[in-house]
Amino acid sequence: MRPRTDAAGVAASAWVRIALIYLAARTATTGFFLLAGALAAPGSRVGSDGGLGAFVVAWDAQWYWLIAVAGYPAELPLTETGQVAENAWAFLPVFPHVAAVVGLPFGSWPVGAFVVSLAAGYLACVVLFALLRERMDAVAATWAVVFFAAAPLSPLLQVGYAESLFLLLLLLGIRCVVRRRYAWLFVLVPVMGFTRPGVLAFALFLGLVGILRFVRRRSDALPPREIAAIVAAGAVASIVGFAWPVIAALATGSPTAYFDTEGAWRRTWTGEEAGFVPFEGWMQGARFWVETVWGAPPGWGVVVAVVVVAAVAALLLFEPHVRRLGAELRLWAASYLIYLVAVFLPQSSIFRLLLPLSPLWGAAALPRSLWWRGGVLVACLIGQWWWIWNMYGQGVAFWQIP
């Protein structure tokens, strides 16, 4: 038998260490779920004395389960007023069908969904560690995995949502770009694009990486084959990003089927019926929260939105710990935030939609103070309980949707 190399031994040790961290984090989340279920009111989303299974299939998991069982509607359902109602076309097909296949031996889609999310979450931890290890020492990279595994949004790694699987594919894609193994993107990007929305942000990311590589071509060679690979991968990501609205239109006979479906959820917040206009939802949401909910004078919503965007841009450009993550991770964060501002109406799901920014946990792990790292971990666990309790234990209203 050939002796195991030092590199292989280190890699195996990292896998085991991350497994123990992940197991501890998921145990903590399970405890929070059980506590929230025991304290939940009868009218909450998980009911009184809700078991763990109720959390796995709560909220959007119901839509994924419906897709696995019944597919997508050939005709868009309508409300009593003739508007397009909420329906399955808002959700993409990879996760529900993978969960259905995994759940076959158990005769249970929820079990399959739980296993897929849990396994993808662990693998995402492994890829995140490998991605960050190239920019920091093993201790800091490990702490970043700890923060990610225990983060306020980490309960999504063990429920019937597509976020865990999408994040795994995304981190693999970013790592391929960092290591310049672009051929793998032609496999990863289509699967990613039909797992959950966000692949258009990856297309923008590839474009920005290509521009950066071109600017730096004298100090960092950019061979023609890499130019072709980046452009082709960006084109595939763009095509995949626009494919689902086309598929929904062809399947239902309504050219605006997907956008009308997304508008059904947005209408719950705004009470308005309007077509999709890029960046309008961000401004609309800012006015709703700042002026309607918080009572600020008219016009302050736009001011707050601009200030928030400027502050985040400054963080990505100038904060020293973020800068140490490297250009690619910062360009991904910028691309994804631009995408969110362009397409999303800020509401309770914004917390969940920030999960693809998980590589930024690396910046939080860089300060070497044990007090700092311990404080961040405690804050993560407190935030996790707050999120579980508000979105599940007290989840009764449209503004408490994870």
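**A buried arginine and its partner**

Guide: Arg 213 is buried, with a relative accessible area of 6%. Buried means under 20% relative accessible area, exposed over 50%, and partly exposed in between, with a 1.4 Å probe and protein chains only.

Visitor: Before we go on, what kind of model is this, and how are residues numbered?

Guide: This is a predicted model, in which local features need pLDDT of at least 70, side-chain atom pairs count only at pLDDT 80 or more, and totals for chains, interfaces and linings use all residues. Residues are numbered from 1 along each chain as its sequence is written, and side-chain values use heavy atoms, with hydrogens and water left out.

Visitor: Back to Arg 213. Which side chain does it meet in a salt bridge?

Guide: Asp 220, with an N to O distance of 3.6 Å. A salt bridge here is a side-chain nitrogen of Lys or Arg within 4 Å of a carboxyl oxygen of Asp or Glu.

Visitor: Which other residue forms a salt bridge with Asp 220?

Guide: Arg 180, and the closest N and O atoms of that pair are 2.5 Å apart. The pair links distant parts of the chain, 40 residues apart: Arg 180 is in the loop between helix H7 (163-178) and helix H8 (185-193), and Asp 220 is in the loop between helix H9 (199-215) and helix H10 (224-252). Helices are DSSP runs of H or I with at least four residues, strands are runs of E with at least two, and both are numbered from the N terminus.

Visitor: How many salt bridges turn up in the whole structure?

Guide: Eleven. One of them joins the side chains of Glu 328 and Arg 135, at 3.6 Å from N to O. Glu 328 lies in helix H15 (residues 327-343) and Arg 135 in the loop between helix H5 (109-133) and helix H6 (138-149), so this pair ties together parts that are 193 residues apart in sequence.

Visitor: Are Glu 328 and Arg 135 buried or exposed?

Guide: Both Glu 328 and Arg 135 are buried. They also belong to a network of salt bridges that links Glu 134, Arg 135, Arg 175, Arg 179 and Glu 328.

Visitor: Why would such side chains pair at all?

Guide: Side chains of opposite charge can pair when their charged atoms come close.

Visitor: And the charges over the whole chain, how far apart are their mean positions?

Guide: The mean positions of the 26 positive and 19 negative charges are 17 Å apart. Lys and Arg count as positive and Asp and Glu as negative, while His and the chain ends are not counted. Each charge is placed at NZ of Lys, CZ of Arg, CG of Asp or CD of Glu.

Visitor: New topic. What is the secondary structure made of?

Guide: The protein chain has 18 helices and zero strands. Its radius of gyration is 22 Å, close to the 21 Å that the globule rule gives for 402 residues, so the chain is as compact as a globular protein of that length. The radius is taken over C-alpha atoms, and the rule is 2.2 Å times the number of residues to the power 0.38.

Visitor: What share of the residues is buried?

Guide: 50% of the 402 residues.
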